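Here are my notes from looking over this one. Have the picture open while you read, and follow along point by point.

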Amino acid sequence: NQQLTGTRHAQTVEDESKIVDFRPTSFQAKATTGFFYSIGNQLKFGDEISLQSPTLALMPGRIEYFLVSPDSGKIAAVASGKLFVVIRTPFTIRQVASVDSIFRDQKPLGRQFFRDFEMQWSRDSKSLYLVKDEFYETKGAQLFSDKAELWRYDLEAQQLQVVLKPFPAGDFFFGQKSGIYFSAATASGDLQLRYFDGEH
């Protein structure tokens with residue numbers, strides 16, 4: 001084998017890009033209606049994104065997941081492992097439950113928890129539906145968990161109540177009039193659309 005040695009000279013060519021006739025202009029962008037938004041751990045509501053807008057609530061951390069109610073007056077928000085419901089008028093903030101992720105490398109087996117996503121508001125914005133689960137040994141995320149249950153948080157009563165168990169769903173949505181549709185895994189690994197009318 002022969003070993004070749006030498007000096008490599010690198011030649012760099014710098015191409016300068018020039019922006020022609022650049023005249024930046026400041027302007028205000030406002031929405032036709034108000035909306036929820038966050039800056040850091042500050043939850044705000046307004047028709048524009050601004051640091052000067054009033055802060056509705058100081059959350060315990062960055063908002064990791066959120067879902068605005070159909071009437072646009074409430075928001076379910078997850079921050080620092082807790083689920084909150086913030087009502088704009090009259091201003092109210094409630095801690096609903098502690099939540100956790102199914103996408104974990106190490107699971108505390110046997111511990112029950114509410115999932116930190118997969119929530120749905122009822123059409124009248126009076127209830128929030130969420131999934132309760134239990135950590136168990138799997139080869140990945142337990143999306144279609146046999147231990148999962150569907151729960152409802154009633155804003156007026158401020159109570160959590162079980163709706164359907166088991167609830168081995170990866171996702172769910174409400175029908176036009178009533179009932180809940182959800183996808184469940186079969187023994188062969190396929191997905192089957194199911195419907196719950198409140199009783200069956």
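Predicted model: local features only at pLDDT ≥ 70, side-chain atom pairs only at ≥ 80, totals over all residues.

1. As for its make-up, you'll find 15 strands and zero helices in the protein.

2. Now the overall shape. The C-alpha trace spans about 80 × 60 × 30 Å along its principal axes. The radius of gyration is 25 Å, whereas a compact globule of 200 residues would have one near 16 Å.

3. What about the surface? Of the 200 residues, 37% count as buried. The accessible surface comes to about 13,800 Å², and carbon and sulfur atoms own 48% of that.

4. On to contacts. Take those with a separation of 6 or more: 34% of them are between residues 24 or more positions apart.

5. Let's zoom in on strand 1 (residues 35-39) and strand 2, which run antiparallel and are joined by five bridges. Together they make a hairpin with two residues between the strands. Gly40 sits in that turn and has a positive phi of about 65 degrees. Have a look at Ile39 too, which stands opposite Gln42 in strand 2.

6. Which strand does strand 2 also pair with? It is strand 3 (residues 55-58), again antiparallel, through three bridges. Here Leu43 stands opposite Ala57 of strand 3.

7. Finally, is strand 2 (residues 42-46) mostly covered or uncovered? Mostly covered: four of its five residues are buried.

Notes:
Residues numbered from 1 in each chain as written. Heavy atoms only, no water. Buried < 20%, exposed > 50% of the residue type's maximum accessible area, 1.4 Å probe, protein only. Pairing = 2+ DSSP bridges. Rg over C-alpha atoms; globule rule 2.2 N^0.38 Å. Contact = heavy atoms within 4.5 Å. Areas by Shrake-Rupley, 256 points an atom, 1.4 Å probe, with all protein chains shown as cover.
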